[in-house]
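Thank you all for coming; I would like to take a few minutes to walk through one structure, and I will go step by step for anyone who has not seen it before. Please have a look at it first.

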Number of protein chains: 2
Amino acid sequence: MHRRRFIGSAAAGAGFLFGRNVPAVAHAGPGAQLRVNGARIAERLRTLAQFGRNADGGIDRVAYGDADLAARDWVMGAMREAGLDVRMDTAGNIIGRRAGLDDARPPLMTGSHIDSVPGGGNYDGQVGAVAALEVAQTLADQNVRLRHPLEVVIFQNEENGKVGSKAMRGQDPASYLDLMTHSGKMIRDGIRFIGGDPARLSEAARQPGSIAAFLELHIEQGAVLERAGVPIGIVLGIVGIKRWAVTVEGFANHAGTTPMDQRRDALLGAARFVDAANRVARSVPGRHVATVGTLTAEPGAPNVIAGRALLTLEMRDLELDTVDGLFERMRVEADRVAAETDTRFEFTEIYRTLPARTDERMRAVIAEAAGELNLATQSLPSGAGHDAQEIAQLAPMGMIFVPSIGGISHSPREFSESVAIENGANVLLHALTRCDRHPDLRDAHAL
Amino acid sequence: MHRRRFIGSAAAGAGFLFGRNVPAVAHAGPGAQLRVNGARIAERLRTLAQFGRNADGGIDRVAYGDADLAARDWVMGAMREAGLDVRMDTAGNIIGRRAGLDDARPPLMTGSHIDSVPGGGNYDGQVGAVAALEVAQTLADQNVRLRHPLEVVIFQNEENGKVGSKAMRGQDPASYLDLMTHSGKMIRDGIRFIGGDPARLSEAARQPGSIAAFLELHIEQGAVLERAGVPIGIVLGIVGIKRWAVTVEGFANHAGTTPMDQRRDALLGAARFVDAANRVARSVPGRHVATVGTLTAEPGAPNVIAGRALLTLEMRDLELDTVDGLFERMRVEADRVAAETDTRFEFTEIYRTLPARTDERMRAVIAEAAGELNLATQSLPSGAGHDAQEIAQLAPMGMIFVPSIGGISHSPREFSESVAIENGANVLLHALTRCDRHPDLRDAHAL
């Protein structure tokens with residue numbers, strides 16, 4: 001059978017690096033001819049981009065803000081359009097279910113998040129969320145029913161520490177409920193704000209084995225795929241992350257009357273630490289990263305020597321031992337800076353996620369789906385944390401990356417081409433249909 | 001005549017370093033026996049400290065805030081208690097007038113400010129304000145009338161750039177009206193808030209020669225007097241100040257997916273500049289100071305590489321040439337950091353005050369008054385800016401310093417002993433009575 005359907009629309013494909021306008025190879029399974037609707041994905045992404053849109057063309061849709069709430073309402077409506085039964089769990093995760101032929105099976109699950117960092121872009125999370133919707137919509141439109149139920153999930157509050165997916169995998173709520181978020185709300189109050197119930201989070205927890213497989217499509221957020229000219233990334237694993245709140249204590253004093261050699265300048269101490277942490281991180285080879293993304297000085301006036309400075313330190317690697325080793329070296333640097341500047345450093349670990357390897361069979365399923373669609377693949381680690389790494393504790397987990405132009409993310413200039421997203425969604429669709437037929441996946445969590 | 005009155009109360013003097021419980025030397029002029037009421041000064045300082053009091057025991061009484069407004073009301077009441085005719089000029093400066101024997105003479109003027117930096121202490125400005133009130137109250141209580149009118153002035157908004165005194169000396173309002181203040185109000189709106197009229201600021205301007213002399217008592221805010229064990233400082237001059245807003249432009253990106261060698265981290269650039277500016281300032285001998293007191297990163301999240309960092313740079317010296325020379329060297333450092341970090345630096349001068357030497361005759365008058373009161377003196381420059389330096393353009397200007405314990409200022413731990421303040425107020429009182437009789441001071445502005 002000669003197939004006339006192409007990967008990527010011809011119009012969108014003109015400007016795209018990776019789209020290959022060649023016929024896809026047919027395969028034997030049911031639904032092999034299924035393709036997502038790229039125009040519908042693009043339209044939904046445009047609509048979603050209106051919630052929290054800012055003057056830079058990006059979005060300020062931090063979790064638990066008004067824009068987040070409005071976007072969640074819109075998502076629930078889109079789920080219903082796609083024929084899904086919509087519910088919200090007690091953590092505030094939005095779950096749309098499509099019944100399976102054997103509805104007693106554990107569900108296949110796919111989804112992502114729609115909250116953003118402050119000043120974020122229009123692709124991080126949203127691509128996977130809209131692609132998951134599109135998979136469900138395509139199955140509904142084509143009247144295809146999988147053997148397993150399909151659950152499309154929109155995890156709440158990914159950007160402040162994957163709150164929704166942590167609740168789903170049953171992490172102790174005491175570890176996060178009282179943390180502050182970008183919205184200015186504590187997580188506890190944020191969960192109430194979006195309609196969840198922080199007192200009943202245990203009801204949102206799923207049991208290991210209760211999900212047949214989890215797949216998340218996401219933009220790469222780095223430049224590996226674009227530089228390699230490869231349209232589909234198969235994620236090897238997700239780095240672990242540690243974050244510390246760092247307080248530098250000095251002594252606030254008058255900037256005019258306090259001689260340079262009598263100061264205890266907390267901001268000077270903090271600045272030297274920022275530089276030292278960067279030098280330590282760059283002093284050893286590897287894919288680890290270390291970032292100070294926030295720094296404030298108190299009291300914070302041009303004519304007052306800062307008495308206190310607050311900053312955050314974050315490190316990521318596939319091996320937390322690497323992170324811990326770097327951190328010890330940074331603490332030595334902090335001791336040196338403290339002595340030089342007559343300040344005091346205090347480090348408090350405020351966040352930690354373990355590295356998560358993807359399931360080998362899921363990587364194979366993604367590779368097969370991409371091959372069937374005639375799309376080249378490359379394996380790579382994810383430097384970003386994802387909800388998928390939490391769900392990896394419940395089910396075989398896989399992740400599909402599509403290229404980010406310029407490797408830009410968490411920025412209004414974050415961008416992925418429409419045809420790249422369409423390709424990713426098609427791989428997601430076919431990876432899910434392959435999972436549906438996979439002999440191992442019913443109880444593969446045990447492997 | 002053997003005088004029994006002591007300088008400083010015996011009770012308060014017990015814990016004080018500088019008070020000398022020896023009889024004062026009588027002098028020939030009227031009012032030579034006058035002494036301020038130290039207990040009343042202390043009581044008024046305690047009352048004033050309630051407006052904007054914060055949990056640290058300091059005050060948050062930034063200009064144009066509610067606490068500032070309430071404190072201003074209280075001051076006007078205290079002025080009326082001291083028998084002064086109270087008015088507010090169009091800039092919002094509060095002026096209390098005591099008629100002179102020859103009321104057509106230009107007034108003697110003394111005063112200070114009552115606004116604070118965020119997280120400030122209870123002595124900066126307030127000591128000079130309450131001492132000026134006390135001088136007027138003492139003259140009223142003792143029924144002493146000077147030849148010149150006496151004006152007690154509370155300048156509005158010293159801490160955001162001496163707004164009130166600038167208006168009084170007739171600086172072009174366009175240079176400051178649209179600046180933001182710690183209160184969150186623009187100066188224009190702040191002036192309205194306290195009852196002034198930003199459209200009629202020219203009416204607040206005084207002409208050179210229209211003030212016979214200006215004296216300001218202030219805490220030293222440094223540790224020179226305390227270390228020397230000297231109770232009265234005679235200020236040689238007030239340093240000039242320049243401030244710049246510094247913007248560091250990088251590129252916001254995802255902290256997990258952007259390799260260390262592909263970052264344009266604005267916060268890293270800013271941190272290296274803070275360190276470099278400090279090194280430059282300390283590389284040459286002198287009393288100049290350089291301070292970065294504020295630094296913020298945008299967008300400001302632990303998992304986002306900062307795309308922009310904003311900081312303020314301030315330098316002070318009695319010679320602005322020194323400041324300019326250091327600044328040029330700092331810009332060279334900024335260029336180096338920009339190249340290292342792939343960021344861009346932009347410097348905007350946002351504030352400048354010229355150095356102001358005190359009037360030689362005023363220094364002599366202060367020295368004579370202190371000698372009469374048997375209080376040792378030391379001459380020193382002021383590293384802090386003061387309203388007095390603005391009024392120096394209108395009248396012969398002098399400043400009296402009292403010791404700051406530990407040299408701490410702009411901090412809740414700012415402190416001066418009651419007896420030190422009482423001594424300073426007595427020197428202020430007697431310096432003013434000496435000015436009143438001074439043959440030069442009627443039109444001394446021309447000198």
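Predicted model: local features only at pLDDT ≥ 70, side-chain atom pairs only at ≥ 80, totals over all residues.

A:Thr433 has 24 other C-beta atoms within 10 Å, and since 20 or more is the cut-off for calling a residue buried, A:Thr433 is buried.

Staying with helix α12 of chain A, which covers residues 418–437, its axis comes within 9 Å of the axis of helix α4, residues 126–141 of chain A, and the two cross at roughly 55°. The helices α4(A) and α12(A) are therefore oblique to each other, and their crossing is right-handed. On the α4(A) side the contact is made by residues including A:Val127, A:Ala131 and A:Glu134, while α12(A) contributes, among them, A:Ile421, A:Gly424 and A:Leu428. The residues of this contact divide into 8 nonpolar, 2 polar and 1 charged.

Finally, let us turn to the two chains. Chain A is superposed on chain B, with an RMSD of 0.1 Å, by a rotation of 180° with 0.0 Å of shift along its axis, and the two copies are thus related as by a two-fold rotation axis. In chain A, the C-alpha nearest that axis belongs to A:Ala271, at 2.1 Å from it. The same surface serves both copies, in that 98% of the contact residues of chain A recur in chain B.

Key: Residues numbered from 1 in each chain as written. Chains lettered and ligands numbered in written order. Least-squares fit on C-alpha atoms with pLDDT ≥ 70 in both. Contact = placed C-beta atoms within 7 Å. Axes fitted to C-alpha atoms, helices over the stretch in contact; angles between N-to-C directions. Helix = DSSP H or I, 4+ residues; strand = E, 2+ residues; numbered from the N terminus. Parallel < 35°, antiparallel > 145°, perpendicular 65-115°, else oblique. Left-handed = near helix turned anticlockwise from the far one by under 90°. Nonpolar A, V, L, I, M, F, W, Y, C, P; charged D, E, K, R; others polar. Buried ≥ 20, exposed ≤ 12 C-beta atoms within 10 Å, placed from the backbone.
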